[in-house]
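Subject: Handing over the model

Hello,

Here is the structure for you to take over. Please have it open while you read my notes below.

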Amino acid sequence: MAAKPKLYYFKGRGRMESIRWLLAAAGVEFEEEFLETREQYEKLQKDGRLLFGQVPLVEIDGMLLTQTRAILSYLAAKYNLYGKDLKERVRIDMYADGTQDLMMMIAGAPFKTPKEKEESYALILSRAKTRYFPVFEKILKDHGEAFLVGNQLSWADIQLLEAILMVEELSAPVLSDFPLLQAFKTRISNIPTIKKFLQPGSQRKPPPDGPYVEVVRTVLKF
């Protein structure tokens, strides 16, 4: 029996959360080791487990994978969430990169000063409503299928749902002008593996709070 993938990161969302989402959507159980001290982080570096000295780190299939994009691409391909050909794959890449840009804006905001944080959240909501969500509303309309690419669940769908839920945490009615995205959110949320991940007690992480921010600052020394 193959070992479960093991994830090394902080006990919070950050760059690891999309990896958790992808594994959960694929129905793959995984283990986590949370970094809580500088010593843990330095040991991973000393042992040569961090290729560029950075986390996320995922141990899977006898490999030590770093760099978020590479990890997500590998998992999407491994679990048949990456389209059926190169043309579908490049569209999945474009859509996933777009949502990742939006999510990284949200992920970085808690580390800013209160005034900067407020400005960041206002910008995020504006970008979501004027740049990102209109694009995906049009994609769904033009494609005319239940999913963003082809007619099956892909990494792009999973990450878009993750992005939608993150933005809704900042403003619950943010999808009010996007009926197709509202239907998409309901549809993807009800896929059994994803529905399970959205339930209390799953390995999904909550929005970052003060203690999480302090742990990250302590471990990474910034």
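Where does Gln67 lie? Gln67 sits in the loop between β4 and α3. Helices here are DSSP runs of H or I with at least four residues, strands are DSSP runs of E with at least two, and both are numbered from the N terminus.

Some ground rules. This is a predicted model, in which local features need pLDDT of at least 70 and side-chain atom pairs count only at pLDDT 80 or more, while totals for chains, interfaces and linings use all residues. Residues are numbered from 1 along each chain as its sequence is written, and side-chain values use heavy atoms, with hydrogens and water left out.

**Annotated domains**

UniProt, in an unreviewed entry, places "domain: GST N-terminal" at residues 3–83. That span is 36% helix and 20% strand. Its end C-alpha atoms lie 26 Å apart. The record also places "domain: GST C-terminal" (again unreviewed) at residues 85–208. Here the chain is 69% helix and 0% strand. The end C-alpha atoms are 37 Å apart. The UniProt positions follow the numbering used here, feature names are shortened, and annotations may be inferred rather than shown by experiment.

**The sheet**

Four strands form an open sheet in the order β2-β1-β3-β4, with mixed pairing. The edges are β2 (31–34) and β4 (63–66). Each has a single partner strand, so one side of each is left without a neighbour in the sheet. Neighbouring strands are turned by 20 degrees against each other on average, direction ignored. Two strands count as paired if DSSP finds at least two bridges between them. β1 (residues 6–9) and β3 (residues 57–60) pair in the antiparallel sense over three bridges. Leu7 stands opposite Val58 in β3.

Helix α1 (residues 17–25) lies across β1, β2 and β3. It runs at about 160 degrees to β1. Axes are lines fitted to C-alpha atoms, for helices over the stretch in contact, and angles run from 0 to 180 degrees between N-to-C directions.

Arg38, Tyr41 and Leu44 are buried in α2. Seen down the axis of α2, the buried residues fall within an arc of 125 degrees, so they line one face of the helix. The arc is that of the directions from the helix axis to the C-beta atoms. Buried means under 20% relative accessible area, exposed means over 50%, and partly exposed is in between (1.4 Å probe, protein chains only). The face of α2 turned away from the buried side carries the exposed residues Glu39, Lys43 and Lys46. The buried residues of α2 pack against β1, β3 and α9. Contact means heavy atoms within 4.5 Å. Gly48 follows α2 and has a positive phi, near 75 degrees.

Now α9 (residues 210–220). Tyr212, Val213, Val216 and Val219 are buried there. They cover an arc of only 135 degrees around the axis, which puts them on the same side of α9. Their cover includes β1 and α2 (38–46). Asp209 caps the N-terminal end of α9, with a side-chain oxygen 3.0 Å from the backbone nitrogen of Tyr212. Just after α9, Lys221 takes a positive phi of about 55 degrees.

**Backbone points to check**

Most residues other than glycine have a negative phi, and most peptide bonds are trans.

- Gln67 is not a glycine, yet has a positive phi of about 75 degrees. Gln67 is partly exposed, at 33% relative accessibility.
- Asp61, also not a glycine, has a positive phi of about 55 degrees. Asp61 is in the loop between β3 and β4. At 43% relative accessibility, Asp61 is partly exposed.
- Pro56 is in the loop between α2 and β3. The peptide bond from Val55 to Pro56 is cis, with omega near 15 degrees.

**Two more residues**

Thr68 is in helix α3 (residues 68–78). Thr68 is buried, with a relative accessible area of 10%. Leaving out residues up to four places away in sequence, Thr68 touches Arg15, Ile19 and Pro56.

Asn80 lies in the loop between α3 and α4 (86–108). Asn80 is exposed, with a relative accessible area of 52%. Neighbours within four places aside, Asn80 is in contact with Gln152 and Leu153. The C-alpha atoms of Asn80 and Ala25 are separated by 11 Å, and the two residues are 55 residues apart along the chain.

Best wishes

Conventions: A polar contact is a pair of N or O atoms within 3.5 Å; within protein, one must be able to donate a hydrogen and the other to accept it, and residues adjacent in sequence count only if both atoms are side-chain atoms.
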